[in-house]
Amino acid sequence: MSEPAQPARLPRHSGHDADEAPDVVPVPDSLLTLDEIREDRTISHLITGADRVMEGLGYTEHGFRHATLVAKIAFNILTRLGFDDRTSLLATIAGYLHDIGNSVARENHGPTGALLAYDALKHRMRMDDLMPVLAAIGNHEEENGQAVGVVSAAVILADKSDVHRSRVRKSGQPDFDIHDRVNYAAEQSFLRVDSSARTVTLELTIDTQISQVMEYFEIFLHRMVMCRRAAERLDCQFKITANGATLL
Ligand SMILES: [Fe+2]
Ligand SMILES: [Fe+2]
């Protein structure tokens, strides 16, 4: 009579904490560059898909232009404030990926995007690098997040400052809603970081024939509160100017 089959033994827990546990799949120590992320086909599909969903819902541009701009601005914010290259590069990655959750649905696109980013990057980045990236993506919208760290703060400031005419998809002004009007009226928007004064200033040039400054506050009030808190997370004060006049 043969011996009954023994159940497979589960490995005992080693007692190591997360920092000591080896990664299951070895990943390179060096961080991905923005160029490497931009060449990733899966990520490109997610960004294209996100922009299509947003177009279908009638929102402004949320594609490669927005992703690249947020990535670069997030990097600049942290480098200008004296953060190290690795932290600044993490903000670049999070900035590029922050809206990929829209490829599934607009609602909760932050947390959804974080899960998609985890799947896309888990074999390409160290887990301790990936964590602040996921947190920044998951917390970038005012409905269900806030600046939870410096990478997160940089992504919020970069994202919310992208208000510009080129994001409007409609061609005729009679069809514009308030979001289109506000974006279309923004001829220039620039986020100025003054490391010695510790200020982050959103400088807007607005065509007031198209949209009054009050409309900015109507739709951006919550975003501006989020930016103020994000700036505080970076030990800075947040300011806004419109056509040279200080609003905040
Ligand atoms: Fe978003
Ligand atoms: Fe965004």
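Before checking burial, I needed the rule: a residue is buried if 20 or more other C-beta atoms lie within 10 Å of its own. I also noted that this is a predicted model.

**Entry 1: the overall layout.** I looked up the helices and strands and got nine helices and four strands. Going along the sequence, I wrote the pattern down as α-α-α-α-α-α-α-α-β-β-α-β-β. Of the 248 residues, 39% are buried. I then took the contacts between residues at least 6 apart in sequence, and 63% of these join residues at least 24 apart.

**Entry 2: burial in H8.** Which residues of H8 are buried? I found Asp180, Val182, Asn183, Tyr184 and Ala185. Next I checked what covers the buried residues of H8, and the cover includes strand E1 (186–194), strand E2 (199–206) and H9.

**Entry 3: H8 against H9.** Helix H8 spans residues 178–185 and helix H9 spans residues 213–233. Their axes come within 10 Å and cross at roughly 120°. Angles from 65 to 115 degrees would count as roughly perpendicular and those over 145 as roughly antiparallel, so H8 and H9 are oblique to each other. The crossing is left-handed.

**Entry 4: who touches whom.** On the H8 side, the contact is made by Ile178, His179, Arg181 and Val182. On the H9 side, I listed Glu215, Tyr216, Glu218 and Ile219. Sorted by class, this contact of H8 with H9 has four nonpolar, one polar and three charged residues. Val182 is one of the buried residues of H8, and Val182 also takes part in the contact with H9.

How values were computed:
Residues are numbered from 1 along each chain as its sequence is written. Chains are lettered from A and ligands numbered from 1 in the order in which they are written. This is a predicted model: local features need pLDDT of at least 70, side-chain atom pairs count only at pLDDT 80 or more; totals for chains, interfaces and linings use all residues. Axes are lines fitted to C-alpha atoms, for helices over the stretch in contact, and angles run from 0 to 180 degrees between N-to-C directions. Helices (H or I, at least four residues) and strands (E, at least two) are DSSP runs, numbered from the N terminus. Angles under 35 degrees count as roughly parallel, over 145 as roughly antiparallel, 65 to 115 as roughly perpendicular and the rest as oblique. A crossing is left-handed if the near helix is turned anticlockwise from the far one by less than a right angle, and right-handed if clockwise. Two residues are in contact if their C-beta atoms, placed from the backbone, lie within 7 Å. Ala, Val, Leu, Ile, Met, Phe, Trp, Tyr, Cys and Pro count as nonpolar, Asp, Glu, Lys and Arg as charged, and the others, Gly among them, as polar. A residue is buried if 20 or more other C-beta atoms lie within 10 Å of its own, exposed if 12 or fewer, and partly exposed in between; C-beta atoms are placed from the backbone.
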